[in-house]
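Open the model in a viewer and keep the sequence panel at hand.

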Amino acid sequence: MYRQLTPDTALTRRSAVSGIASAIMLPPNIFPAIADDAQPNPYKYENRDRNKNKDELIREDYWYFSGRRPPRRLDINALPADDPTWNAWGECTKSEVTGNSCVYVSLKQRIPAYGKYFFSIDNGVKEYSQLGKILRSSNPNWNEAAKLVDPGLDTRMPSPAVDSLLKMALFATQMLTSPNFTGPNRELLVSRYYINECAFALDGLAKSIEARDVATSLALWDFGKDSFNSYLSILNRSISPKIGDKIDLVT
């Protein structure tokens, strides 16, 4: 699975999802409201050694800059929607039309992004849900499960769930980056964090499914479900009826 981008593609792909984020350094407690340091987790996957995100799909995410983890299950509705300290770093002008201009992204920017990435992401989410049904069955079809997490090594194409990861990153960048703010806003960095968690889950699932380890596979799938759905809770807010249908959550 392409957890770390290859040297030939790292510059163009990472620049597409990272922008100028690598130039920004933030104190570790700048956003304590969504940190999950004290909350219990039955599997502790997010407590892993991240090695400065060197092995993650996207190095520049929320944890990389703040040193803190968002909750395993993000409840976006519990966060203040109109607070610029959540939406972006810095105050911007507000109006009745655009709201907080720090995070205003026009329909002209969001509609093409939706058209380009919706199908791939939606398909990946649906196949990940199908994987859960297989793993929860009394007699899992391990061969079918392996296909759903295939990293696509050598000449094989990756499975839709694995293939959706990079699309999720590009989709978030286009849907959440405002031309009125010169840096990556907080929602974008948090969405990248959950993409990295999805990638970790899929990578682990490929190994546990190969070993036919039911308990570990179910635990990793559940972790990935929370990560996919947390990402979607952020992005679905940007998908209005004028753009299209929201992406269904993993079930």
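A salt bridge here is a side-chain nitrogen of Lys or Arg within 4 Å of a carboxyl oxygen of Asp or Glu. By that criterion the structure, which is a predicted model, holds 11 salt bridges.

**Stop 1: Glu197 and its arginines**

Select Glu197 and Arg48. Their side chains meet in a salt bridge, with 2.6 Å from N to O. Glu197 belongs to helix α7 (residues 186-210), while Arg48 is in the loop between α1 (7-18) and α2 (62-66), so 149 residues separate the two and the pair links distant parts of the chain. Is Glu197 buried or exposed? Glu197 has a relative accessible area of 2%, so it counts as buried. Arg48 is buried as well, because its relative accessible area is 17% and the limit for buried is under 20%.

**Stop 2**

Select Lys167 and Asp163, whose side chains meet in a salt bridge of 2.9 Å, N to O. Both residues lie in helix α6 (residues 160-176), 4 residues apart, or about one turn of the helix. Lys167 has 24% relative accessibility, so it counts as partly exposed.

**Stop 3: the rings**

How many aromatic pairs does a search of the whole structure find? It finds 9 aromatic pairs. One of them is Tyr45 with Phe200, a tilted pair at 5.9 Å centre to centre, with 55° between the planes. Tyr45 lies in the loop between α1 and α2 and Phe200 in helix α7, so the pair ties together parts 155 residues apart in sequence. Both Tyr45 and Phe200 are buried.

Phe223 is in helix α8 (residues 214-235) and Phe200 in helix α7, so the contact ties together parts 23 residues apart in sequence. Phe200 and Phe223 are both buried. Ring pairs link Tyr45, Phe200 and Phe223 into a cluster.

Keep Phe200 in view and show Arg48 again: Arg48 lies over the face of Phe200, at 4.0 Å from the ring centre. For Arg50, display Trp63; the charged end of Arg50 sits over the Trp63 ring, 5.7 Å from its centre.

**Stop 4: the nonpolar core**

Which residues touch the most other members of the largest nonpolar core? Select Tyr128, Leu131, Phe171, Leu205 and Tyr231; these have the most such contacts in a core of 57 residues. The elements giving two or more residues to this core are α2, α4 (107-136), α5 (142-148), α6, α7 and α8. Helix α7 supplies the largest share, 13 residues.

End on Leu131. Leaving aside residues up to four places away in sequence, Leu131 touches Ala145, Leu148, Val149, Leu205, Ile209 and Trp221.

Technical notes
Residues are numbered from 1 along each chain as its sequence is written. This is a predicted model: local features need pLDDT of at least 70, side-chain atom pairs count only at pLDDT 80 or more; totals for chains, interfaces and linings use all residues. Side-chain values use heavy atoms; hydrogens and water are left out. Buried means under 20% relative accessible area, exposed over 50%, partly exposed in between (1.4 Å probe, protein chains only). Rings of Phe, Tyr and Trp (its six-membered ring) pair if their centres lie within 6.5 Å; planes under 30 degrees apart count as stacked, over 60 as edge-to-face and the rest as tilted. A charge sits over a ring if NZ of Lys or CZ of Arg is within 6 Å of the ring centre and within 35 degrees of the ring normal. A nonpolar core is a set of buried Ala, Val, Leu, Ile, Met, Phe, Trp, Tyr and Cys residues joined through side-chain atoms within 4.5 Å. Contact means heavy atoms within 4.5 Å.
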